[in-house]
Amino acid sequence: MDRRDVGPAAALITLPPTVRVVDDVASQLRPQVAEAGSHAVIVSEAMLVNAGVVRAVAHALNVDVVSIPGGEPVASNVSDLAHQLSRGSADVVVAVGGGSVIDTVKLAARLVADPNGLDSRLMSAAPFPPGLAVVAVPTTAGSGAEVTRTAIVSHEGRKTWAWDESLRPERAVLAPDLTLGLPRSITVASGLDAFVHSVEAATGQRATSAVIDLGTAAAQLIIARLAEVVADPSNREARKDLLIGAAGAGLAIDECGTGVGHAVGHALGSLVAIPHGLAVMAGLRAALEWTLEGAGDRYVPLSDALSTHDLPETFDELLDAVGFKEELSKWNPPSESELIAELASEEHQPMCRNNARPIAAQDHGLLARLTLGWWNQ
């Protein structure tokens, strides 16, 4: 497939009726929020509020805006937001931001009746209680958090996760205009996060034929559009396709989970303050030849979809086009021993088991060496 020909890939990504692509968020958001509740509040991070990205949404809904700290979700910030929401009258929370904002809101909105109860519910230890409805309005094309039942959060300095049926937002609104002003580094990191989702969904142990179709279509769309958006940030159609691709990849991983990129990436994220998308891409790419050696058959549908007989070369072409190594070089890697120890943590094992080539304890050392060796090339 010509990587500029995104029509077939886009046609294969069917978004559920709860997810809408809108041309003008200011005029088209209100009915989506009204379907979820009668009294809304907007939650976004301070940078987006101060930059004015949230103004169109706030104007459309004529509601208050709650500002939360930037950066990846932290358990204490989730509890603080849950306390704040519990004291208000809203029955729906509109999360405007990237995956970190959306995950924070997803968790806090379910904890309004128990603001301090996150610890007991991590890694599916206990179900979440009923809470406020969530409308997710992503400003990045990356995590797919707007369509998933998973939320990532740092707890006591470690990156972990929560999963619950109730964590999927009631509505999601994809508005390309809200992504037009993204800094290049965020566009790259978030887009690569979505690409990793698509690859790991299409190749994982729990992948079904439907997930493989969805994951490969999302990979086609993302690989066709991400470099275009990096080269021309004002390309609205390409931005829209990336949002659709990211949502499709999110739907795919919501059905079957992730793999080595997220096992290594989450381990890196617990040790280094590196953007999530860079970390998971580093983990996936560093282990790619090792994974192909032991599970090459699982990558055949992806290779066919991307019209390549050399996936490492195809991945590298994408990474070169978006300047990935330049972005990665801004961060200092952890030590090999730190990474090996972190890979053994309980929270990473579901990803290890689901990888196309399942990862055993004896593989942690090799994966750490591959990741750090590739990082330092």
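Visitor: How many of the residues of strand 2 are buried?
Guide: The model is a predicted one. Strand 2 covers residues 40-45 and is mostly covered. A residue counts as buried under 20% relative accessible area. Of the 6 residues in strand 2, the number buried is 5.

Visitor: Which residue is the bridge partner of Ala-40 in strand 4?
Guide: Strand 4 spans residues 92-97 and pairs with strand 2 in the parallel sense. The pairing of these two strands extends over 5 bridges. Within strand 4, the partner of Ala-40 is Val-92.

Visitor: Which residue of strand 3 is the bridge partner of Ile-42?
Guide: Strand 2 is also joined to strand 3, residues 65-68, by 4 bridges, and the two run parallel. In strand 3, Ile-42 has as its bridge partner Val-65.

Visitor: Which strands are the edge strands of the open sheet?
Guide: The open sheet has 6 strands in the order 1-8-5-4-2-3, with parallel pairing. An edge strand here pairs on one side only, and this holds for strand 1 (19-21) and strand 3.

Visitor: At what angle to strand 3 does helix 5 run?
Guide: Helix 5 comprises residues 75-86 and lies across strand 2, strand 3 and strand 4. Relative to strand 3, the helix runs at about 160 degrees.

Visitor: Why does Met-123 count as partly exposed?
Guide: Met-123 is placed in the loop between helix 6 (99-110) and strand 5 (133-138). Leaving aside residues up to four places away in sequence, Met-123 touches Thr-160, Trp-161, Ala-162, Glu-346 and Glu-347. Buried means under 20% and exposed over 50%, with partly exposed in between. Met-123 therefore counts as partly exposed, its relative accessibility being 27%.

Visitor: Which helix gives the most to the lining of the largest pocket?
Guide: The largest pocket has a volume of about 1200 Å³. Its lining consists of 47 residues, and Asp-103, Ser-143, Ile-152, Asp-193 and His-276 lie nearest the centre. With 6 residues, the greatest contribution to this lining comes from residues 184-203, that is, helix 7.

Visitor: How many residues of that lining are charged?
Guide: The lining of the largest pocket includes 18 nonpolar residues and 20 polar residues. The number of charged residues is 9.

Definitions and conventions
Residues are numbered from 1 along each chain as its sequence is written. This is a predicted model: local features need pLDDT of at least 70, side-chain atom pairs count only at pLDDT 80 or more; totals for chains, interfaces and linings use all residues. Side-chain values use heavy atoms; hydrogens and water are left out. On a 1 Å grid over the protein atoms alone, a cavity is a set of points where a 1.4 Å probe fits but cannot get out, and a pocket is an open set with protein on both sides within 12 Å along at least five of seven lines; lining residues have an atom within 4 Å of a point. Grid points are joined across faces, edges and corners, and a volume is the space filled by probe spheres set on the points. Ala, Val, Leu, Ile, Met, Phe, Trp, Tyr, Cys and Pro count as nonpolar, Asp, Glu, Lys and Arg as charged, and the others, Gly among them, as polar. Buried means under 20% relative accessible area, exposed over 50%, partly exposed in between (1.4 Å probe, protein chains only). Two strands pair if DSSP finds at least two bridges between them. Contact means heavy atoms within 4.5 Å. Axes are lines fitted to C-alpha atoms, for helices over the stretch in contact, and angles run from 0 to 180 degrees between N-to-C directions.
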